[in-house]
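Here is a short report on one protein model. Look at the sequence and the 3D view first, then read on.

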Amino acid sequence: MTSGELFLYDCPRAQVFPLEGHRSQICLESSHGEQRALSGSEDSLQRLWDLEFCQQEHEMCYYKPTSLLKGICCACFSKDDKYVYTGSLDQSITVWDAASGTLLAVQCVYTTANRIVPTADGVVAITKVGYIIREKFHCPKTTPPWYNPLQNIVATGMVKSRKTGKTQASNSTTKEILLGA
């Protein structure tokens with residue numbers, strides 16, 4: 001689908017669930033355990049979906065205001081489904097926490113990644129100019145409150161997360177973070 005529309009097809013039950021789409025073309029990747037999916041679009045908006053309940057868990061966005069190029073080209077989940085890696089037109093690879101939607105790291109790779117494949121300890125990215133990039137990623141057990149994954153980059157990051165819990169399942173909270181050097 002190139003129009004930005006998203007549907008979840010439940011083949012055993014022969015049901016179709018429309019999901020909130022994007023305004024432009026999208027890339028779509030499912031987790032290895034098939035519990036989540038990530039959709040990303042040309043406007044840099046990314047949505048993390050809970051496939052069991054057919055609902056959005058997190059809406060994430062990262063972009064550099066000075067870059068003329070924005071948008072998600074490719075994505076993948078880590079082998080253990082804890083992290084989501086996305087490749088952007090602004091020549092960066094971002095790492096997101098799949099459970100919380102938190103931006104954990106940004107790596108500038110100076111070329112656009114076309115495809116990202118998970119490895120045991122990071123990713124391998126194939127670029128538009130034919131380079132193969134190997135990035136290792138180890139998330140610390142705890143991050144201090146002052147931790148800023150964009151400390152050397154002028155960029156904007158935003159996360160909207162659905163509150164979990166039976167009584168607050170329909171409520172959303174918004175946490176907008178403007179980060180930069």
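**The open sheet**

Three strands form an open sheet in the order 11-12-13, and their pairing is antiparallel. Strands are DSSP runs of E with at least two residues, numbered from the N terminus. Two strands pair if DSSP finds at least two bridges between them. Strand 11 and strand 13 (132-136) are at the edges; each has a single partner strand, so one side of each lacks a neighbour in the sheet. From one strand to the next, the twist averages 20°. Here axes are lines fitted to C-alpha atoms, and angles between N-to-C directions run from 0 to 180 degrees.

Six bridges join strand 11 and strand 12 in the antiparallel sense. Arginine 115 has isoleucine 126, in strand 12, as its bridge partner.

Residues are numbered from 1 along each chain as its sequence is written, and side-chain values use heavy atoms, leaving out hydrogens and water.

pLDDT is the predictor's confidence in each residue, from 0 to 100. The protein chain has a mean pLDDT of 75, and 67% of its residues reach 70 or more. Over residues 164-181, pLDDT stays under 50. Where pLDDT is low, the predicted coordinates should not be read in detail.

**The cores**

A nonpolar core is a set of buried Ala, Val, Leu, Ile, Met, Phe, Trp, Tyr and Cys residues joined through side-chain atoms within 4.5 Å. The largest one has 15 residues, and Tyr83, Val95 and Phe137 are among those with the most contacts inside it. Elements giving two or more residues to this core include strand 8 (83-88) and strand 9 (92-97). A second, separate core has 14 residues, including Ile72 and Val159.

Phenylalanine 137 is in contact (heavy atoms within 4.5 Å) with Tyr83, Tyr85, Val95, Leu104, Ala105, Asp121 and Gly122, leaving aside neighbours within four places in sequence.

How many disulfides are found in the whole structure? The search finds zero. A disulfide is a pair of cysteine sulfur atoms within 2.5 Å.

| Residue | Relative accessible area | State |
|---|---|---|
| Cysteine 73 | 25% | partly exposed |
| Cysteine 74 | 6% | buried |

Buried means under 20% relative accessible area, exposed over 50%, and partly exposed in between (1.4 Å probe, protein chains only).

Technical notes
This is a predicted model: local features need pLDDT of at least 70, side-chain atom pairs count only at pLDDT 80 or more; totals for chains, interfaces and linings use all residues. Helices (H or I, at least four residues) and strands (E, at least two) are DSSP runs, numbered from the N terminus.
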